[in-house]
Amino acid sequence: MSWTELLFENTIIEIVNTIFLMLIIIHFSKWMIRLKFNLSKLIAIHTVVSIVTGILFSFFYIFIQYLAGNISYELSLSNLFTSSVRYLNTHFLIYFTSVFIIYTYFYSEKSLSIEVQKANIEKQLAQVKVNILKYQLHPHFFFNTLNSISSLIDTDAKLAQNTLVDFSDFLRDILFLKDSNLLPLSVEVKILKRYIDIMAIRFSDHLQVAIHLEDNLEDILIPSLILQPIVENSIKHGYSYESTDLKIDIDISKLDSNLQIEVINNGEPLVGDVKYGTGLKNTVDRLKTLYENDYYFTIKNRQNDIGVITKITIPIES
């Protein structure tokens with residue numbers, strides 16, 4: 001065999017054959033990864049595919065060599081299969097080595113991505129706590145709550161005592177909240193109720209908040225402290241000279257495989273584009289970090305501009 005035959009009729013064909021095979025393996029492996037098969041199915045499917053591709057690529061290589069005049073034996077189906085079987089050991093090595101490299105790369109990237117995502121979420125959760133204490137729980141919140149408790153001591157000592165307990169429990173829940181990104185819905189609602197009870201004392205009979213929670217959703221996990229900023233925003237922007245009595249309905253229900261949260265008020269409608277403050281901006285950032293694009297968040301006016309509705313839809317996690 002001359003150098004020309006060796007380089008161009010054998011080596012080049014082998015390289016092109018191998019590159020084409022690698023491209024097929026890469027795209028097929030990525031497709032398999034997206035389908036999330038278990039290990040036994042992965043091995044079985046890759047084994048079958050490796051045999052099929054081994055035979056096909058062997059046929060192709062032998063056919064090219066036959067056209068080049070490098071094969072002296074008769075090109076029959078029997079001879080093709082015999083040559084394919086001889087080639088399979090090399091093909092198996094190339095195929096499964098490629099699969100191993102692809103999967104190792106993918107899971108390394110995925111592991112790194114998860115670590116980065118976890119760090120971002122932990123940072124955001126810490127920021128949420130700071131924001132709640134710094135913005136949502138502004139000093140006037142403390143002063144107004146303490147003044148309300150002080151004025152109730154003479155008129156309704158029991159209510160003053162209950163408000164003080166709610167106030168201390170609410171602060172303790174926030175300050176000592178575990179660094180978990182998700183909380184059971186029942187725990188989130190319990191924290192929210194304490195906040196609502198405190199705000200109800202401040203606004204007296206001018207604020208009504210109702211929570212409608214569908215049955216069997218208590219153990220579903222939602223982002224921790226995700227409801228309080230939305231309710232706080234409804235209270236802050238809902239009151240106006242025309243809207244002095246505010247009613248807020250919080251509807252939490254299951255919608256297909258998602259959890260839907262609606263915070264509806266009858267207060268001041270939105271004028272122009274929605275401007276996200278610190279609390280809402282942080283809420284949207286956390287939803288995006290936790291669920292990427294698999295979530296829905298919107299704030300808009302209700303029909304006939306009677307109040308505002310805030311809607312969140314997230315995947316259900318137990």
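Before you start: residues are numbered from 1 along each chain as its sequence is written. This is a predicted model, so local features need pLDDT of at least 70 and side-chain atom pairs count only at pLDDT 80 or more, while totals for chains, interfaces and linings use all residues; side-chain values use heavy atoms, with hydrogens and water left out.

**Exercise 1. Get an overview**

Work out how many helices and strands there are, and what share of the residues counts as buried.

Step 1. Count the elements: the protein has eight helices and seven strands. These are DSSP runs numbered from the N terminus, with helices (H or I) of at least four residues and strands (E) of at least two.

Step 2. Check burial: 37% of the 318 residues count as buried. Buried means under 20% relative accessible area, exposed over 50%, and partly exposed in between (1.4 Å probe, protein chains only).

Step 3. Look at confidence, using pLDDT, the predictor's score for each residue from 0 to 100. The average is 80, and 86% of the residues score at least 70. Residues 133-137 stay under 50.

**Exercise 2. Explore the second largest pocket**

Find the volume of the second largest pocket and say which element gives the most to its lining.

Step 1. Read off the volume, which is about 290 Å³. Of the 17 lining residues, Asn233, His237, Leu270, Val274 and Lys275 are the closest to the centre.

Step 2. Find the contributors: helix H7 (228-238) and strand E7 (308-315) each supply at least two lining residues. H7 gives the most, with five.

Step 3. Sort the lining by type: eight residues are nonpolar, six polar and three charged. Here Ala, Val, Leu, Ile, Met, Phe, Trp, Tyr, Cys and Pro are nonpolar, Asp, Glu, Lys and Arg are charged, and the others, Gly among them, are polar.

**Exercise 3. Inspect H7**

Why is H7 described as largely enclosed by the rest of the structure?

Step 1. Count its buried residues: eight of the 11 are buried, so H7 is largely enclosed by the rest of the structure.

Step 2. Pick them out: the buried residues include Ile230, Val231, Ser234 and Ile235.

**Exercise 4. Spot the positive phi angles**

Where do asparagine 216 and glutamate 292 sit?

Step 1. Asparagine 216 is in the loop between strand E2 (207-213) and strand E3 (221-223). Though not a glycine, asparagine 216 has a positive phi of about 65°, and at 71% relative accessibility it is exposed.

Step 2. Glutamate 292 is in the loop between helix H8 (278-291) and strand E6 (296-301). Its phi is positive, about 55°, although it is not a glycine, and glutamate 292 counts as exposed at 55% relative accessibility.

Terms used. 1 Å grid on protein atoms, 1.4 Å probe; cavity = no way out; pocket = protein on both sides within 12 Å on 5 of 7 lines; lining within 4 Å. Points joined across faces, edges and corners; volume = space filled by probe spheres on them. Contact = heavy atoms within 4.5 Å.
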